[in-house]
Every structure is written in structure tokens, then in C-alpha cells.
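Hi,

Here's the structure I promised to send over. Have a look first, and my notes on the charged side chains follow below.

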Amino acid sequence: MEVNKLQNEFIQSKHKEFSELKKFIDSVKNSQGILMQTLQKAQDIFGYLPLEVQQFISDETNIPLADIYGVVTFYTQFTIEEKGKHRVGVCLGTACYVKGSQDVIDKLADELDIKVGQTTEDKMFTLEATRCLGCCGLAPVMTVDEDVYGNVDPKKVPEIIAKYKNQEV
Ligand code: FES
């Protein structure tokens, strides 16, 4: 009962997003690869793919929910959990690891008060460990959204994070 209520609240509060998604589904309905396209679009719109969104896609496309869930959990580009506004990544590839990226990630976990894979309570930051980003010469490397920071000294972490916090005010 309670769960249903929460689901309905979610759907009502995202009315605009759901109608945008519906429009998209209608426009690709007869094309191939509709599921991947739709999931990508849905993730762009919502930022993540909770069950309510998967159910909606299932209803609109007649693709069974179990199949959709299978695809969403198989591909790492999709996420069921809501992510923070800013995604903070630290490369744990070999070169970065050797140059101390573990210290960078520890400092970030401390600064944001979350563990790797978690999102801050205010939904501002999600902390992630990444694989080699192809710029090993800059090791250790961290990213915030599209921005890349090289030769990161853990002491500089609070300063980098503050930049994104200040953008919000
Ligand atoms: S190992 Fe970190 S960018 Fe390559």
C-alpha cells in the first residue's frame, strides 16, 4: 500500500518527464533497437532508471518488465539508483593507483562523508571509482562531470569540491 502510494507520488511529480518519454517512444515505436534507445533517452530525462520508469516503458512498448530490468542491470551505462548532480570519479587504473589515487579517493570519501558508490544526502555528489581514463601521464587523475584534474594532491580535494558547491549559490 505504502509502496504504491510512493510510486504514484513519483509518477505525479514527474508528469512532465513521463510525457516527454512517451513522445519519444511514440517517435521510435516502429524502429529497431527501440529498447536501448528508449532506456538511453529515459536515463537522459530522469538521470536514472527506477522501477517506475521501467514499468512505464514496459507498458508503452509491450516489452516484459523482466527483460527491461535484465538490460538495465547488465549495462553499466544504466543506473537504477539516483545519482548526485555532480559525479566525482577517481581513476583506480594501475598508473593512477601507483601514484596514490587511493589517497585521493579516501580524502574525497572523507570530505563528502560517503563511501565509493554512494551519493551525498543533499544529492549533490556521487563518488565513483573509474578504470583507466587514458590520460595516465596525468596520474593520479580525478574527474568531476566532464572536468578532468591531473596530478591531484589529496590536499587539493576540498578546494576542487568547493568549486562545485559554490556554483550552486
Ligand atoms: S591509470 Fe588512470 S588514467 Fe590511466
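**Salt bridges in the model**

Lys22 and Asp26 form a salt bridge, with their closest N and O atoms 3.3 Å apart. Bear in mind that this is a predicted model. Both residues sit in helix α2 (residues 15-28), four residues apart, which is about one turn of the helix. Lys22 has a relative accessible area of 32%, so it counts as partly exposed, and Asp26 is partly exposed as well, at 39%.

Lys22 also has a salt bridge to Glu60, at 3.2 Å from N to O. This pair ties together distant parts of the chain: Glu60 belongs to helix α4 (residues 51-61) and Lys22 to helix α2, 38 residues apart. Glu60 counts as buried because its relative accessibility is 19%, and the cut-off for buried is under 20%.

These contacts belong to a network of salt bridges that links Lys22, Asp26, Lys29 and Glu60.

Another one to look at is Glu128 with Lys83, whose side chains meet in a salt bridge at 3.1 Å, N to O. Here too, distant parts of the chain are linked: Glu128 is in strand β2 (residues 125-130), while Lys83 is in the loop between α5 (65-74) and β1 (86-91), 45 residues away. Glu128 is buried, with a relative accessible area of 17%, whereas Lys83 comes out as partly exposed at 22%.

In total, the structure holds five salt bridges.

Cheers

Definitions and conventions. Residues numbered from 1 in each chain as written. Predicted model: local features only at pLDDT ≥ 70, side-chain atom pairs only at ≥ 80, totals over all residues. Heavy atoms only, no water. Salt bridge = Lys/Arg side-chain N within 4 Å of Asp/Glu carboxyl O. Helix = DSSP H or I, 4+ residues; strand = E, 2+ residues; numbered from the N terminus. Buried < 20%, exposed > 50% of the residue type's maximum accessible area, 1.4 Å probe, protein only.
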